[in-house]
Amino acid sequence: MSIEIRNIHKRFGDFVALDNVNLTVESGELLALLGPSGCGKTTLLRIIAGLETPDSGQVLFGGEDATHTHVSERQVGFVFQHYALFRHMTVFDNVAFGLSVRPRKVRPSKEEIRDKVMKLLKLVQLDWLADAYPGQLSGGQRQRIALARSLAVEPKVLLLDEPFGALDAKVRKDLRRWLRELHDEIHVTSVFVTHDQEEALEVSDRVVVMDHGRIEQVGAPDDIYEHPASPFVTQFLGDVNLFHGRVDGSHLTIGDYAHPLTATPGEGQAVAYVRPHDLIVSRSADDALASGVVEHIHAVGPLVRLEVATGDGQTLEAVLAKEAFRELAILPGESVFLTPRKVSVFLADGDYSI
Ligand code: ATP
């Protein structure tokens, strides 16, 4: 079931929560809504669910206008950050709940419910916990049960609002991989809200980056990461070093440094972003953009992070593989030269076409 959002506006008093949002979620895809706190992700999810009404605009499910369809008729399943399991019911009864409260005429038989619940519990790999109570489960297990429960009623659309937000980092990581695999198996159209860029990039088919009630960019994770459409997206997706320069036709110049550009975006003052792993660290001044003194070295794990203080008071961050770091044999206090491998450039006048 596809979802189409057309020209959605939503205000709370004077505050504009959603500003002309247009978006299509393809049938069967797993889409992440990503953005900082307060950018409108949850409001958009609630409008898709029918828990919130837009001031104007439309929501279409499978091409049909569902803007005024009641939440109970939309056939959506929800999973929220805080496990909404019934504490006095077993895991089995929690998952069975949506089916067992159906009116008699449309309610499946006890055997059918049993088969279905056990199948779902197997799907989330927790069938051995059917008789346990929520209080006996870990946070991650509760979220998997919450997901099984939302799937029991065969929703046409699955909506997840920071489903792993309350879990610790390790469990979060395991669960997002698990969610990806589960989605590959069941293919229900899913919209997933998160403020965690790593989570969005790892789990989803496409990512929608939002800011201040607007969509900044929509695309496949790799596309968004490699070709961010604006300074906001570039900075939101990970650490960056910022430089000010000038674009003249096919080159970006920053001081004496010139970087060839593949596109010819025009001319003018520009901001350039370089991710720490795109800064090549060297002892040679050839072709360098910047030089500085190594202030800190963080060498835990396979990557080494250097903080380099430049003469003009800026601290640049460079990340390199441990092997390369060993070869360079850099010590704190030594001077190094930095050259960008890849640069994201935006004209300062706001024409982000580069
Ligand atoms: P978070 O990650 O913090 O949940 P979000 O991107 O999901 O953020 P929303 O929950 O959609 O953001 O909220 C967007 C803005 O709208 C926020 O500033 C919030 O305070 C405001 N807002 C949301 N719901 C209401 C409401 N019912 N009444 C008034 N303001 C609201």
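Before going through the pairs, I wrote down my criterion: a salt bridge is a side-chain nitrogen of Lys or Arg within 4 Å of a carboxyl oxygen of Asp or Glu. I also noted that this is a predicted model.

**Entry 1: the count.** I applied the rule and got 22 salt bridges. I then picked a few to look at.

**Entry 2: arginine 172 and aspartate 196.** I found these two in a salt bridge, with their closest N and O atoms 3.6 Å apart. Arginine 172 sits in helix 5 (residues 169-186), while aspartate 196 is in the loop between strand 8 (189-194) and helix 6 (197-203), so the pair ties together parts 24 residues apart in sequence. Are the two residues buried or exposed? I looked, and both arginine 172 and aspartate 196 are buried.

**Entry 3: arginine 177 and glutamate 202.** I stayed with helix 5 for this one. The side chains of arginine 177 and glutamate 202 form a salt bridge, at 3.7 Å from N to O. Because arginine 177 belongs to helix 5 and glutamate 202 to helix 6, this pair ties together parts 25 residues apart in sequence. I checked accessibility again: arginine 177 is partly exposed at 42% relative accessible area, and glutamate 202 is partly exposed at 33%.

**Entry 4: lysine 116 and glutamate 154.** Here I read 2.4 Å between the closest N and O atoms of the salt bridge. Lysine 116 lies in helix 3 (residues 110-123) and glutamate 154 in the loop between helix 4 (139-152) and strand 7 (157-161), so to speak distant parts of the chain, 38 residues apart. Lysine 116 counts as partly exposed, at 23% relative accessibility. Glutamate 154 is exposed, with 55% relative accessible area.

**Entry 5: helix 4 against helix 5.** I turned from charges to packing. The axes of helix 4 and helix 5 come within 11 Å and cross at roughly 20°. Since angles under 35 degrees count as roughly parallel, that makes helix 4 roughly parallel to helix 5. The crossing of helix 4 past helix 5 is right-handed.

Which residues meet there? From helix 4 I listed Gly140, Gln143, Arg144, Leu147 and Leu151, and from helix 5 Val171, Leu175, Trp178, Leu179, Leu182 and Ile186. Sorted by class, the contact of helix 4 with helix 5 has 8 nonpolar, 2 polar and 1 charged residues.

Note on methods
Residues numbered from 1 in each chain as written. Predicted model: local features only at pLDDT ≥ 70, side-chain atom pairs only at ≥ 80, totals over all residues. Heavy atoms only, no water. Helix = DSSP H or I, 4+ residues; strand = E, 2+ residues; numbered from the N terminus. Buried < 20%, exposed > 50% of the residue type's maximum accessible area, 1.4 Å probe, protein only. Axes fitted to C-alpha atoms, helices over the stretch in contact; angles between N-to-C directions. Parallel < 35°, antiparallel > 145°, perpendicular 65-115°, else oblique. Left-handed = near helix turned anticlockwise from the far one by under 90°. Contact = heavy atoms within 4.5 Å. Nonpolar A, V, L, I, M, F, W, Y, C, P; charged D, E, K, R; others polar.
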